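Biologist: Hi! Could you walk me through some side-chain contacts and a pocket in this protein?
Modeller: Happy to, let's look at it together.

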Amino acid sequence: MTVMRLSDLLDGIPLAFTRAGWSEPDVTAVTADSREVTPGTIFVAVRGGTVDGHRFVEQALERGASAVVVEAGSLSAALKPVAPLLVVPDTREALAWLAAALHGYPARKLVMIGVTGTDGKTTTATLIHSILTAAGLRAGLISTVGAVIGDDTLDTGLHVTTPDAPALQGYLARMVAAGFTHCVLETTSHGWAQRRTDACEFDVGVITNITHEHLDYHGSYEAYRAAKARLLTGLPLAARKPGIEKCSVLNADDESYVYLTGVAETRRLSYSQHLVTGADFTAVRPDFTADGMAFDVRTPAGEIADVRTPLVGRFMIANILAALAATVGALGVTPAAARSGIAALQGVPGRLERIDLGQAFTAIVDFAHTPNALRRVLETCRELLADDHPAPETAVRDQRSPVRRRLIAVFGSAGLRDVEKRRMMAEVSAELADISVLTAEDPRTESLTDILEMMAFGARLRGAVEGAGEGHSFFRVPDRGEALRLAVRLARPGDIVIACGKGHEQSMCFGTVEYPWDDRVGLRAALAELLGLPGPAMPLLPTRQ
């Protein structure tokens, strides 16, 4: 356990603060949760979306807080704190820097690669980590799937977001203690807006794309884009490390590219799937096979030939190009190591993950939970269907008109999140899937019935017809387990059934309660029931009748 005197902890922190109370307590922890306070803990009062931490200052003091950090004008004049009081403009920022200081600023001892964007963050971060590992570098990974530190994989929470600042700095400190030299950190827009990553002092910043998402939180696309762009604007301000040049990596195919080039003040690398963009890293001669993909990459230093991956989907090429730009381009990893790292990555949990119990159709789980991500994954499925021949069981029935393989998509849209994307996602599925099954996805305190109606409205806008029967193409099934059962019952030999929106996540929120749920378990349960095989029980949700 680290123990620091308060004045030593505050020395060197890049914050403006005033201090009342000049005792010098020992500090052993930093937290924004008053329930975690024990003697030696600094309590940082953070304003949340629904709860203001300043309400719990007295509770933290009663529990023995060694110091309290508040925002100016937030406390009652009647409060007489019994521990040092620090007043700062932004307690979220203070939380990040205090946590970093307590751990000895671990990001300054690591080469930090940050990855953000609307879609593809986790896969791109995992690819970068695989390349660095193949290059013989000791690299850690913190993604929304988990934190990978050597042989240890640590859970980072029930839902996809960047860990809070104390946990994040703790992970970085563990990497430093284990002798790691590099860290790949996936960051979310919430993490940037809430300043959880402020003390991570990045060296390379990768932005995959910025499309429609989280507008409920950020208020506008421009505000959402600005939150993501903080990864780039912070690069020149972060601590410099010997032999490492700050670098941004941008997607020249994305609508955000022009804006981001205007805010990136460091060395800049770009990537694209199209030669006409003149990007630094461009894929050429792509070849799609049953075993994955292969392509060559043109770079300023010459061609990287024969990049092979078991991952599928044209959108996956963009993730690989981003990883190559960040490693070969920004960090000087050899092309041979990069090829090896890309080939070694067999998949990412919950990303186009196949579930195979011997059924006559393909079953897939994917995390796609935005309109753009859903479009890309359904387009990939359509390509997979087009690449295959008609299923033998159906083709032999009538050689003149073999039965066309179909795409069946199961997905929902979260409550208390961006309302507009509910319609948009249903429109995408109505356009690209043969059958859409609309179901629950973390409705939280909103009415699931209302959410599904908004989605159904979007499906109808694209000409989809609800219900069973000829020409009908979408269903509303509130219980996600029943939705998966319906999808596999509808599937014919050669079809693709894909469950989108939850991916690797381990719970689903109804009201304020997190219920155990894993799409991969649910899909296995539905398939086992269909095939009469032993398998897991379908997880129970409150929507089960």
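**Contacts and a pocket**

Modeller: Let me start with a salt bridge: aspartate 434 pairs with arginine 382, with the closest N and O atoms 3.2 Å apart. A salt bridge here is a side-chain nitrogen of Lys or Arg within 4 Å of a carboxyl oxygen of Asp or Glu. Helices (H or I, at least four residues) and strands (E, at least two) are DSSP runs, numbered from the N terminus.

Biologist: Before we go on, what kind of model is this, and what does it need for local features?
Modeller: This is a predicted model, where local features need pLDDT of at least 70 and side-chain atom pairs count only at pLDDT 80 or more, while totals for chains, interfaces and linings use all residues. Residues are numbered from 1 along each chain as its sequence is written, and side-chain values use heavy atoms, with hydrogens and water left out.

Biologist: Thanks! Is aspartate 434 buried or exposed?
Modeller: Aspartate 434 counts as buried, at 18% relative accessibility, and arginine 382 is partly exposed at 23%. Buried means under 20% relative accessible area, exposed over 50%, and partly exposed in between (1.4 Å probe, protein chains only).

Biologist: How many salt bridges are there in the whole structure?
Modeller: The search finds 38. One of them joins lysine 502 to aspartate 442, with the closest N and O atoms 2.6 Å apart. Lysine 502 sits in the loop between strand E24 (496–500) and strand E25 (507–510), and aspartate 442 in the loop between E22 and helix H15 (448–461), 60 residues apart. Lysine 502 is buried at 0% relative accessibility, and aspartate 442 is buried at 3%.

Biologist: And which residue does aspartate 479 pair with?
Modeller: Arginine 544, with the closest N and O atoms 3.7 Å apart. Aspartate 479 is in the loop between strand E23 (474–476) and helix H16 (480–490) and arginine 544 is in the segment after helix H17 (519–531), so this pair ties together parts that are 65 residues apart in sequence. Aspartate 479 is buried, at 3%, whereas arginine 544 is partly exposed, at 27%.

Biologist: Switching topic: how many aromatic pairs are there?
Modeller: Three. The rule is that rings of Phe, Tyr and Trp (its six-membered ring) pair if their centres lie within 6.5 Å; planes under 30 degrees apart are stacked, over 60 edge-to-face, and the rest tilted. Tryptophan 192 and phenylalanine 202 make a tilted pair, 5.8 Å centre to centre with 45° between the planes. Both tryptophan 192 and phenylalanine 202 are buried.

Biologist: Why is the pair of phenylalanine 510 and tyrosine 515 edge-to-face?
Modeller: Because their planes are at 80°, with the ring centres 6.0 Å apart. Phenylalanine 510 is buried, at 11%, and tyrosine 515 is partly exposed, at 27%.

Biologist: Last one: what lines the second largest pocket?
Modeller: There are 28 lining residues, and Ala290, Pro310, Val312, Arg354 and Leu384 lie nearest its centre. On a 1 Å grid over the protein atoms alone, a pocket is an open set of points where a 1.4 Å probe fits, with protein on both sides within 12 Å along at least five of seven lines; lining residues have an atom within 4 Å of a point. H12 gives the most to this lining, with four residues.
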